[in-house]
Amino acid sequence: MAGGQERVLRRRIKSVNSTRKITKAMELIAASQIPRSTARIVANRPYRRGVERIVVAAALGDPVAAAKLIATPERVDVALVLVITGDRGLSGPYNNGALRAGERLVNELTSRGTRARLYCAGRKSAAFYRFRGVAVEEVFSGFTDRPTFEDARTIAYRLAAPYLSGEAQQILLVSTRYHSAGAQGVEVQQLLPLVVPDVAVDATAGLHGYVEFEPDVDELLASLAPRALESEIFSALLEGAAAFHTSQQRAMAAATDNADDLSQNLTRVMNRARQDSITNEIMEIVGGAEALRSGK
Amino acid sequence: MASLVVEILTPEGPLWRGEASALMARSTVGKFTVLAQHTATVGDLVASVVRVEAPEGPVTFAVHSGFFEVAPGPEVGETRATILASVAELTSDIDVARAQAAKERYEAEMAESRDDDGARYALAAQGVARAELRLAAATRRGALA
């Protein structure tokens with residue numbers, strides 16, 4: 001019956017509107033997190049650059065000693081893969097992007113005869129691999145919205161152990177990098193052995209020519225490697241958090257727009273249904289009155 | 001004019017930056033002092049109290065291991081000393097009661113995880129070391145590194 005249809009539509013509009021309220025709230029919350037998380041990336045930058053500079057200085061200062069820690073090994077039997085995603089969903093392509101890149105990387109490693117051991121940061125990646133029945137070495141979660149350096153240190157510590165003992169020959173990272181508000185992208189990066197950044201000589205810091213090392217490059221690199229690992233993981237966590245909030249804000253804004261459209265369309269359909277039922281009733285009344293009159 | 005600019009950087013952001021007449025710290029090789037015109041050097045830092053002789057008086061920091069880099073700055077005659085510490089704080093910012101509580105908490109954690117796989121124990125031991133350095137820095141306020 002027409003009235004019933006109207007009631008169903010009214011209920012759907014109500015549910016769409018309340019969903020819209022939720023997505024709108026999530027959009028605003030995510031938007032409020034963006035400036036804070038990008039400010040942390042900016043604050044972290046001098047430190048990260050500094051660590052990079054020291055790696056470069058050490059690599060240039062004593063290439064022979066550096067070769068042991070910096071060169072990519074010819075044969076990698078076991079690689080550790082750290083995948084960084086968020087703890088929560090409803091964030092557009094953020095989680096899936098990293099997970100897909102992670103899967104591609106693992107497939108590639110496997111085809112080259114390397115066994116990949118997975119480490120997950122963020123509940124979403126853990127859930128993804130659990131669902132697929134893929135073994136995960138360790139899961140770190142509960143901090144991806146607002147990571148602290150302590151979190152990065154814990155992850156680095158757990159990853160460094162198998163590397164330093166020789167069980168694994170390579171540590172790879174899959175994470176979403178935050179380039180700007182409009183550009184984020186998933187990147188795969190080698191954490192250990194250390195990678196010497198392309199910017200070999202920084203123009204402002206005059207670390208060219210003779211540099212003294214205290215202690216020797218050998219020893220320095222041994223203590224530098226875990227610190228550089230922490231630094232890179234921390235910056236990836238920070239950028240991941242910023243990318244997560246940006247992606248969630250965008251996804252929720254789109255969801256809110258969709259809810260608006262849906263609610264508008266449903267309202268139109270409902271109004272038409274109501275009008276139809278009114279017209280019908282009038283027709284029935286008129287028809288009944290006609291019948292009564294003619295039957296008199 | 002020869003000058004020295006000291007910068008103390010942590011992952012959470014720059015902690016301190018300014019001109020100074022000297023920087024005193026400790027690497028695995030030993031204690032050292034950086035003055036203006038110091039030769040370009042890269043090295044590590046052990047957990048210790050770092051002292052900066054700033055124009056407004058000495059400033060001390062609890063630096064929980066890290067690295068340092070001394071290089072000529074962008075200006076003529078300028079020397080730039082950068083300290084990169086994963087954790088560092090101004091001595092004046094240290095909360096003694098909190099550090100004491102943290103020390104006790106980590107010590108309990110150490111005792112508890114003695115038989116574990118080692119990772120938890122090592123992290124707790126690091127925590128104790130950090131708390132001890134904070135206490136040492138705060139109680140010997142102003143003392144030489």
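Guide: Happy to. Leu90(A) sits in the loop that runs between strand E1 (78-84) and helix H3 (94-111) of chain A; helices (H or I, at least four residues) and strands (E, at least two) are DSSP runs, numbered from the N terminus. Residues are numbered from 1 along each chain as its sequence is written, while chains are lettered from A and ligands numbered from 1 in the order in which they are written. This is a predicted model, where local features need pLDDT of at least 70, side-chain atom pairs count only at pLDDT 80 or more, and totals for chains, interfaces and linings use all residues.

Back to Leu90(A): its phi is near 50°, a positive value in a residue other than glycine. Leu90(A) counts as partly exposed because it has 16 C-beta neighbours inside 10 Å. The scale calls a residue buried if 20 or more other C-beta atoms lie within 10 Å of its own, exposed if 12 or fewer, and partly exposed in between, with C-beta atoms placed from the backbone.

Ser65(B) belongs to the loop between strand E7 (57-63) and strand E8 (66-72) of chain B. With 20 C-beta neighbours inside 10 Å, Ser65(B) counts as buried.

A hairpin of 5 residues connects E4(A) to E5(A). Ile171(A) has Leu192(A) in E5(A) as its bridge partner. Leu192(A) is also joined to Pro193(A) by a cis peptide bond, with omega about -5°. Pro193(A) lies in the loop between E5 and strand E6 (212-214) of chain A.

Pro215(A) is in the loop between E6 and helix H6 (217-295) of chain A.

Helix H6 of chain A also holds Arg250(A). Arg250(A) is partly exposed because 19 other C-beta atoms lie within 10 Å. Between Arg250(A) and Ala30(A) there are 220 residues in sequence, yet their C-alpha atoms are 8.9 Å apart in space.

How values were computed
Pairing = 2+ DSSP bridges.
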